[in-house]
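Please look over the sequence and the structure shown here before reading on. The report that follows takes up a few features in turn.

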Amino acid sequence: MSEQDRSIKSEPLVNLLRELALDLGVAWSRHSDNIWRQIDTEVWMLTRNPWLMLQLAGDKQLETMNADQSLRDWVEKLVIERRNAAQSPGWFQKNYASSSLKQVAYFSMEFGLSEALPIYSGGLGNVAGDQLKAGSDLGVPIVGVGLLYQQGYFRQAIDQNGYQRDLFPYNPPTWLPITPVRDADGELLRVELKFPDYEIHLRVWEARVGRLRLYLLDSNDPSNMPMHRGITSELYGGGPELRLQQELVLGIGGWRLLRLLGYQPEVCHLNEGHAGFAVLERALSFMKDDDQPFEVALTATRPGNIFTTHTPVEAGFDRFSPDLMRLYLSWYASDRLGISFSDLMALGRCDPDDDAEPFNMAYLAIRGAGAINGVSKLHGAVSRAIFQSLFPRWPVAQVPVGSVTNGVHTASWDSESADHLWSRACGEERWMDTTEGIGDKIRALSDEAIWQLRSQNCHELVRFVRIRSQRQMASYGESRELIQDATALFDQNALTIGFARRFATYKRPNLLLHDPERLARMLKDIRHPVQLVIAGKAHPADQAGKDMIHEWIQFIRRPEIRRHAVFLVDYDMLLAERIVGGVDLWINTPRRPWEASGTSGMKILVNGGLNLSVLDGWWAEAYAPEVGWAIGDGKEHDSDPHWDTLEAEQLYRVLEEEVIPKFYRRDSNGMAREWIAMMRESMARLTPQFSANRTVREYTENYYLPAANAYRQREAAHGALAREIERWRNDVARNWSRVNFGPLQIETNGDFHHFRVQVYLGELRADAVEVELYAEASNGESPVRHPMTRGEALLGIMGGFAFNAQVPSSRPAEDYTPRIVPAKADASVPLEAPQILWQR
């Protein structure tokens, strides 16, 4: 027996339970579920919060549990496994332990880790939570920074008339799986933040996420004025001033917190622009540590900052008025950063000279980041168009925005039956390393094994729907007869369709309800019945969203529909897990391109569910006829109601003519062989590709590691390279207005076009720019960038040179245009120098 094993055996059971309960890793492991279920089965099923269950356990109950040797043995085994896992090398340690990347700081306004810690509202939080979990699985050194919302996002109820009611229950920190952070002297750690004429004190909480840590800032400190204690009380509540306060707490307070805790991350990952102020505070840290001005500090730290945008429309970014910014940040600019307020505002404006333009948090994040990405390939392209105004005259294709398509943490969203099936086929460690070979192992599964998975999943969903429906019907005063009828809701053998997400007009949650009578006929078909599970919230301020919920409730309450469709109230992670674990088909109907990625449809993949979706977000790159169905033409139509009608018709037609017949087309053994083939291929091909495992590995290899290397180069020797780059940037900006083209000569000889152009650089050094030929993309190929060679100096013209190039004549000469762009090794163009000049 090892020393660790002996130590564990001597520890009181309650201490071991506490260790397990405070690790959110149990949220994606079912191994400890039976322990918490013993304390109170009903509360456990409603909350899935091990820490709360431990608070509920009385002394007698703990004594009884302690006397159960088999239980004690199981707890000890789980604790040993947890500690061993924390110490064992993960994918990152096996492959990149000697790299310059030691720490990534991941900032997000929300994290969806577990319903036990309700500090999320939807997609953004689910992405952040799933990436932290995958980071833990893979051993990527990430530390999370967020806010503790003691009211979280609102909870939903439906009244007797079918309207949404918004509830804001308080979540006492003692119920949440978090612990207060203390300093070296044992005192509660507090972060100080200056607001106009006063300071606020921020408490700090720690959440354990497997190997990783998430730190949460909380303004509900007794030393703060009552009006300030509520700054972090509610997610996405209040007006612009409260939002600005929250984002200052997240960005500035979050970076200060990391410094207090001793973290020195090479990489700072901003999950949306909310955390943009972190780039300012990070630069301030460099200013203090290395005695450099703000401009050099920002240039030194910029390569270590990564900005992920999730917003598909320009109007979706947070903006703050000049007056509000002046109130909160004018002193910060002058007293801390040593720059003027107008210089600070310029970082968040498209036109720095427009004093009326509000401050855009996405612009700040872009100007403070070394890399920017959207969250799907399509969203990357959409984002390049959105941000082109920051890079005037640059082709959209060269706006510096890449993409990393989101993925989901499969172990958090698989059903119990799916977990067993995948474990048998691919092993229990299948998501802890690369996913190579997983697809082939799933393709080797028999039809019977896959169909059994479908049957078990649907059986569990039907059981859950009946229990949940009875509870919610009782809550809004339905009759006993209707509540009793809920015990017969649904049929586990019927085609089950799911649709659950935020109710917003661009998501078109009522497209399926466009022709209610046609939908009703599908649901009531005796030979080929269909059943429908709907869930979702509308933001408290979104009346149009609430009206769409009311329309669904009215439809579902029709007597002939009641047994075939349900609206499950208060959509959260627990409810989502149940729905995605059991539906046969997931429908998604956003207006393209307004679904940046979308992850709800990814969550059904591991469970064998299929997708029917508009070609938007992730589905635009995932769709193939053998793994699902698509509607739309792959083009943008804005909010054209005529197009909504056309796509509704297409949705009904695909359901009636393709989906439903395929599901009910059975062989002599009652097996839906064609449907099973699609399940198998969807599971094998799409589950690994759209997993957070792949996403985090992609971020690590394509973003984190290069960012860490670039940051280390720039910060070395107190920012020597940063000072050099800053001098180059200033030189380019100061002299650019005097850069010009002279005459252009083109000759075509055989297989080549020969270009010769005169360039006048004035006082700008020739090695500060690059002259090149550019041709737009053609025939599906990338744009052409062909460097031109500097030739002889032009007599009598300061900074005058002739540049030459030859290109194949396979394309017309007029396709090519000479241009001048800034150029310097180790600098990022156009991100750090957006100037460009075209020969006309």
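Over the ring of which residue does the charged end of Arg790 sit? The charged end of Arg790 sits over the ring of Phe801, 5.4 Å from its centre.

## Basis of the report

This is a predicted model, in which local features need pLDDT of at least 70 and side-chain atom pairs count only at pLDDT 80 or more, while totals for chains, interfaces and linings use all residues. Residues are numbered from 1 along each chain as its sequence is written, and side-chain values use heavy atoms, with hydrogens and water left out.

## Charges over rings

A charge is said to sit over a ring if NZ of Lys or CZ of Arg is within 6 Å of the ring centre and within 35 degrees of the ring normal. Besides the case of Arg790 and Phe801, Lys194 lies over the face of Trp331, at 4.5 Å from the ring centre.

## Aromatic pairs

Rings of Phe, Tyr and Trp (for Trp, its six-membered ring) pair if their centres lie within 6.5 Å; planes under 30 degrees apart count as stacked, over 60 as edge-to-face and the rest as tilted. By this rule the count is 27 aromatic pairs. One of them, formed by Phe277 and Phe359, is stacked, with 6.2 Å from centre to centre and 10° between the planes. Because Phe277 lies in helix 12 (residues 277–290) and Phe359 in strand 12 (residues 359–360), this pair ties together parts that are 82 residues apart in sequence; helices (H or I, at least four residues) and strands (E, at least two) are DSSP runs, numbered from the N terminus. Phe277 counts as buried, at 0% relative accessibility, and Phe359 is buried with a relative accessible area of 0%, where buried means under 20%, exposed over 50% and partly exposed in between (1.4 Å probe, protein chains only).

Tyr506 and Trp594 form an edge-to-face pair, 6.3 Å centre to centre with 70° between the planes. Ring pairs also link Trp451, Trp629, Phe663, Tyr664 and Trp675 into a cluster.

An open sheet of four strands has the order 24-23-27-28, with antiparallel pairing, and two strands pair if DSSP finds at least two bridges between them. Strand 24 (784–787) and strand 28 (837–838) are the edge strands, each pairing on one side only. Strand 27 (residues 817–822) and strand 28 run antiparallel and are joined by two bridges, and the bridge partner of Ile820 in strand 28 is Leu837.
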